[in-house]
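Please look through the sequence and the model below before reading on.

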Amino acid sequence: MNIHEFQAKHILRSFGAAVPNGQPATTGDEAAMAFSALKVPKAVVKAQIHAGGRGKAGGVKLVSSPQEAKAFADGLLGKRLVTHQTGPEGRLVRRVYVEEASAVARELYLGMLVDRKAAAVSIIASTEGGMEIEEVAAKTPDRIVTETINPLIGLSPYLSRKIAFKLGLKDKQVNLFATLLSALYRAFIETDASLIEINPLVVTQDNRIVCLDAKMSFDDNGLIRHPDIRELRDPNEEDPGETEAAKYDLSYVHLDGNIGCMVNGAGLAMATMDIVKIYGAEPANFLDVGGGANTEKVAAAFRILLSDSRVKAVLINIFGGIMRCDVLAQGVVEAARQVKLSVPLVVRMEGTNVDKGKQILAESGIKVIAAADMADAARRVTQAIGVGA
Ligand code: GDP
Ligand code: MN
């Protein structure tokens, strides 16, 4: 789960991290009041959406009066902000954050994440702050420092200082950095975070080290231990299909292609996506309906697939083990009754009660393109949208 910058900063501040003072606002007038309440000559007004790249996209501005804060906030609120991370449709700005401005001397990058390869938490730091770390990694990999934290030892002062030196920090900055890093690490561990990204982390002109931006993501499986963090979920920022799928306990991830895939079993779902790609098309989603899905769950999954306007054809690939083919067929028929099925539907079924399943589909009157095997299914579904061979 992701949260907004102002929420992440609130959490990090509570762990003692150096974060500028700020207040969220949902109207221009609130932004003006927030500016006045900060009692500073300059503030930064920042669009709050779950996406980076706001600075370049015109979503961040330095302001020097309540009137200016209001004017900029009014220009952002209720509009869609398009950044390189939002896709062309952009994100609706419902809130801005008004924060005391910092006089920046240096911009650094600092990330902390669950590093699956190392099976531990790793710190990624760079002297190239304010840039996308992926870009830095591609162009100047030598400017990235990666250090893994031994979970038994925790974050040692030695490791913090080592990173500080590699970032070119000096004197008092080194201890400030170490203090900040240990606050971030405690926040990371105690909230079951999966990612903390501070980009940029800045050295100010008066020699402080401050989190100018903050992104936090949490392990969904840990949220049960943090009801206060779970409250921060913003459904407006989540994919509607994924939100709906979560209600039915379906594993669904929205992707960019146009072949809707409904599969049981994560491995089979991955293989199905692969074979769709081999035949020249792109999957619109990952969807695992699970082993013991009932008719209701299958119907919900099918509805979610079809609610994606990019889906131009659907491929159902089911291996009936615990999941019975007749249950699957029943669910599809039910869902097709609820939503008008207007795209080609290719079905490949195998396994328990397959004949009964095929019979249900045949008698339903739904136009089904039956496939003999996975390759045949991929060929037929790509042909149905006019690609592939
Ligand atoms: P992002 O573009 O969505 O990652 O938003 P950021 O919060 O990182 O802000 C973008 C850029 O605005 C930063 O890289 C800074 O260069 C600049 N910026 C943000 N806040 C301040 C501030 O308080 N003072 C100064 N001088 N620059 C700021
Ligand atoms: Mn940033």
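## Contacts of ligand 1

In this predicted model, a backbone N or O atom of glycine 53 lies 3.1 Å from an oxygen atom of ligand 1, a polar contact being a pair of N or O atoms within 3.5 Å (within protein, one must be able to donate a hydrogen and the other to accept it, and residues adjacent in sequence count only if both atoms are side-chain atoms). An N or O atom in the side chain of arginine 54 is 2.7 Å from an oxygen atom of the ligand, and a polar backbone atom of glycine 55 is 2.8 Å from an oxygen atom of ligand 1. The protein covers 77% of the 560 Å² of accessible area that ligand 1 has on its own, as computed by the Shrake-Rupley method with a 1.4 Å probe, where for residues only the protein chains shown count as cover.

Ligand 1 is surrounded by 15 residues, the closest being Lys46, Arg54, Gly55, Ser102 and Glu107; a residue belongs here if one of its heavy atoms lies within 4 Å of the molecule.

Asparagine 199 lies in strand β10 (residues 193–204) and aspartate 213 in the loop between β11 (209–211) and β12 (215–218), so the pair ties together parts that are 14 residues apart in sequence. Both asparagine 199 and aspartate 213 are buried, that is, under 20% relative accessible area, with exposed meaning over 50% and partly exposed in between (1.4 Å probe, protein chains only).

## The chain as a whole

The protein chain holds 13 helices and 18 strands, which are DSSP runs (helices H or I, at least four residues; strands E, at least two) numbered from the N terminus. Of its 389 residues, 49% count as buried. The domain assignment, automatic or from a database, gives domain 1 (1–20 + 103–238), domain 2 (21–101) and domain 3 (239–384).

## Basis of the values

Residues are numbered from 1 along each chain as its sequence is written, with chains lettered from A and ligands numbered from 1 in the order in which they are written. Because the model is predicted, local features need pLDDT of at least 70 and side-chain atom pairs count only at pLDDT 80 or more, while totals for chains, interfaces and linings use all residues, and side-chain values use heavy atoms, with hydrogens and water left out.
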